Amino acid sequence: MKIDVPGKVEGARIGVVAPLGMAAPRASARPAPAASGADLRLRGGRRLRERAIELFLLANGSAAVLIIGLIFVFLFKEGLAAFRDIQPIQFIGGQENTPTYDPELDTFTETRQFALVWQPVSDSPKYSLLPLLNGSLLVALPATLISTVIGLLVGIYLAELARARVRELAKPAIELLAGIPTVIIGFIMLTVVASLVQSITHSHFRLNAFVGALGVSLVIIPVVASLTEDALRAVPEPLRLASYGLGATRWQTVSRVVVPAAVSGITAAGILGFGRALGETMIVLMATGNAALITGNILSSVRTMTATIAAELGAVARGSEQYHALFFVGATLFTITFMFNLTAEVIVARMRRRLRM
Amino acid sequence: MRSKSLLVLVFLGFLACGGAADAKNITVKGSDTMVLLAQRWAEKYMEKHSDASIQVTGGGSGTGIAALLNGTTDIATSSRPIKAAEMKTAREGGINTFETKVAMDALSVVVHKDNPVNELTMNQVKAIYTGAINSWKDLGGPPKAIVRYSRESNSGTYVFFKEHVLGNQDYAPDCQNMPGTAAVATAVAKDPAAIGFGGVAYFLSQPDVKILKIKKERDSPAITPVAADGKSLNFEVVYSGEYPIARDLFCYTTGKPAGQVGAFLSWIVGPEGQAIADELGYIPLAKGQAAVK
């Protein structure tokens with residue numbers, strides 16, 4: 001079962017990175033010449049039917065591309081319209097009145113200063129994207145770190161160590177984790193985990209980026225684990241056999257031969273997980289407290305880009321300043337995830353080339 | 001023969017559709033503060049009027065008014081008056097919004113029950129929420145950093161509090177925005193350093209939450225919106241304005257309410273509707289107060 005012919009291995013590998021988008025067309029292009037050879041022996045009616053099916057599949061494939069294109073156009077059209085009302089500098093920061101309270105007199109004095117805040121409902125609305133970007137990263141980075149470490153260990157166990165019976169039970173169980181509605185995970189984080197984390201860390205904020213990251217990592221562990229397992233299984237069996245032949249133990253083989261050989265697939269898994277973490281909405285909306293702060297403290301409340309869009313877009317009038325600003329946030333988020341996927345694609349392609357030498 | 005019966009069926013179908021359009025389905029959308037109230041009003045009204053069908057959803061006052069202007073709801077409930085910008089959007093869309101005052105609500109400022117602070121001046125509340133005061137020590141409490149809870153910006157409570165308590169200043173950036181007053185109540189109940197605000201109705205039944213007394217000025221008496229029995233509201237201090245953080249609750253419609261919608265709204269401002277508001281912890285309209293402007 002484990003010994004694969006090289007061609008098959010190549011196919012499996014492409015399968016690992018296919019979700020990134022670019023590898024898929026290459027994979028589908030390959031079987032075409034073989035099919036055209038068989039064509040000659042087919043009767044006319046059958047050939048027609050095959051052509052029809054081919055066209056149907058092509059239409060479906062292009063529909064997906066078309067939809068992505070339309071989303072892209074719509075998002076940027078609505079988002080860039082923000083610049084009609086909002087100065088570009090406002091997406092970085094703006095002037096804010098900061099009050100100082102005098103407890104003796106029970107009065108206020110105000111000072112004006114440049115501040116990086118997201119405060120769209122205000123006499124002078126402020127649309128700094130920096131706190132939102134800060135929030136998204138402060139949740140997505142730890143979540144990716146947690147889930148890559150756990151996902152890698154789970155993947156190694158499933159691909160290299162687990163017996164077939166155990167794997168048949170464990171794999172669906174892990175994938176089931178990905179099927180839990182995120183609102184349920186958010187609810188558990190909000191009510192139970194947040195109190196637990198606060199009682200351990202004594203943090204100022206009960207709901208914070210770390211609680212959000214824990215919840216988000218639950219969703220992406222199955223993604224990372226399953227992609228890691230695929231990547232490890234795609235490592236050719238002769239590599240393992242050669243390692244054992246040189247006297248390496250099982251652990252040495254896994255840690256120094258198999259994992260390094262699959263590093264491109266594992267990197268792809270991590271980056272895909274990161275993209276998913278950036279896009280997660282419901283869990284962060286419920287578990288992070290949604291205060292738009294600029295901070296490096298993981299125990300601070302944060303407001304992510306996704307939570308901002310989810311919380312505010314429902315209440316804004318279509319075409320208003322805030323409406324376009326929210327679309328601009330969406331376009332920024334889309335651009336970031338797009339860039340990451342593209343980078344992942346380049347890294348993976350380069351590593352694969354190096355491995356082949 | 002068959003085609004004839006088919007025709008009859010189609011005709012009956014049309015009749016059924018006509019009938020359904022007659023017994024109009026009223027949709028009510030908006031304020032989360034009012035969602036409990038609006039649901040109870042709808043239930044009781046439907047019990048009395050079997051031909052009426054009313055659906056109530058929340059989402060926030062801003063969401064409700066946006067839906068009214070987009071034509072996706074018949075009645076928008078709102079815990080704040082319609083904004084000038086929304087009026088402008090309405091005029092541009094050729095819509096004439098009509099305001100009906102349906103009840104009142106007192107907002108309370110709450111802390112955890114173990115917090116020794118019992119009363120605050122309006123300016124102290126403003127100082128806390130704008131970020132000018134950051135420790136309970138400055139208010140006679142323990143040396144603990146204040147954890148501020150607020151609402152999402154689509155909520156009428158958020159806007160009302162900002163206008164009437166913060167003097168239209170921005171909230172401190174570290175205010176945590178909760179998706180509903182019930183969520184604020186839960187958060188404050190779990191956090192000894194927390195402060196929150198919202199409709200009194202949501203806090204009366206929370207055992208771990210303390211409703212603060214509010215002073216208009218430093219030398220004014222400290223007033224609580226809660227009656228002496230601790231379970232109901234003191235209407236008099238709200239009507240008289242002695243308790244400063246109270247607001248009107250509205251229903252918005254397009255044009256003067258008529259037909260089913262009109263009947264429902266006049267029932268709401270009538271004695272039966274107002275009794276329900278009282279029962280749920282809201283403040284009924286004062287007697288003699290002009291209900292429909």
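In chain B, strands β4(B) and β9(B) (residues 209-211) run antiparallel and are joined by three bridges. Strands here are DSSP E runs of at least two residues, helices are H or I runs of at least four, and both are numbered from the N terminus. Two strands are said to pair when DSSP finds at least two bridges between them.

Before going further, a word on what you're looking at: this is a predicted model, where local features need pLDDT of at least 70, side-chain atom pairs count only at pLDDT 80 or more, and totals for chains, interfaces and linings use all residues. Residues are numbered from 1 along each chain as its sequence is written, while chains are lettered from A and ligands numbered from 1 in the order in which they are written.

**Strands of chain B**

β4(B) covers residues 97-112, and twelve of its 16 residues are buried. Buried means 20 or more other C-beta atoms within 10 Å of the residue's own, exposed means 12 or fewer, and partly exposed is anything in between, with C-beta atoms placed from the backbone. Here is how some of the strands of chain B line up:

| Strand pair | Sense | Bridges |
|---|---|---|
| β4(B) and β11(B) (residues 246-254) | antiparallel | nine bridges |
| β4(B) and β8(B) (residues 194-199) | antiparallel | five bridges |
| β1(B) (residues 25-30) and β3(B) | parallel | three bridges |
| β3(B) and β11(B) | antiparallel | three bridges |

Ile75(B) lies opposite Val28(B), and Ser78(B) faces Phe250(B) in β11(B).

**Where the chains meet**

How many residues of chain B are in contact with chain A? There are 33 of them, against 31 residues of chain A. A contact here is a pair of residues whose backbone-placed C-beta atoms lie within 7 Å. On the chain B side, α3 (61-70), α4 (84-92), α5 (122-130), β7 (176-178) and α7 (181-190) each supply at least two residues. α3(B) has the largest share, four residues. By class, that side of chain B has eleven nonpolar, 14 polar and eight charged residues. For that tally, Ala, Val, Leu, Ile, Met, Phe, Trp, Tyr, Cys and Pro are nonpolar, Asp, Glu, Lys and Arg are charged, and the rest, Gly included, are polar.

**Chain A overall**

Chain A has 14 helices and four strands. Of its 357 residues, 36% are buried. Take the contacts in chain A between residues at least 6 apart in sequence: 75% of them join residues at least 24 apart. The chain splits into domain 1 (43-84), domain 2 (90-119) and domain 3 (128-355), with bounds from an automatic or database domain assignment. The C-alpha centres of domains 1 and 2 of chain A are 50 Å apart.

How confident is the predictor? The pLDDT, its per-residue confidence from 0 to 100, averages 84 over chain A, and 86% of the residues score at least 70. The lowest mean, 40, belongs to helix α1(A) (residues 6-17), and the highest, 94, to helix α5(A) (residues 130-161). Over residues 1-35 of chain A the pLDDT is below 50, and beyond near neighbours in sequence that stretch has 33 contacts in the model.

**Helix α13(A) and Ile309(A)**

Helix α13(A) runs over residues 305-312, with six of its eight residues buried. Among those buried are Met305(A), Thr308(A) and Ala311(A). Ile309(A) is in this helix too. Why does Ile309(A) count as partly exposed? Because it has 18 C-beta neighbours inside 10 Å. Leaving out residues up to four places away in sequence, Ile309(A) touches Leu326(A), Val329(A) and Gly330(A). Tyr323(A), 14 residues away in sequence, is 9.4 Å from Ile309(A), C-alpha to C-alpha.

**The largest nonpolar core**

A nonpolar core is a set of buried Ala, Val, Leu, Ile, Met, Phe, Trp, Tyr and Cys residues joined through C-beta atoms within 7 Å. The largest one has 160 residues, and those touching the most other members include Val139(A), Met189(A), Ala103(B) and Val188(B). Helix α8(A) (residues 209-233) gives the most to this core, 16 residues. Domain 2 and domain 3 of chain A each put in at least three. Beyond four places in sequence, Met189(A) touches residues including Val211(A), Leu214(A), Ile283(A) and Ala287(A).

Methods: Two residues are in contact if their C-beta atoms, placed from the backbone, lie within 7 Å. pLDDT is the predictor's confidence in each residue, from 0 to 100.
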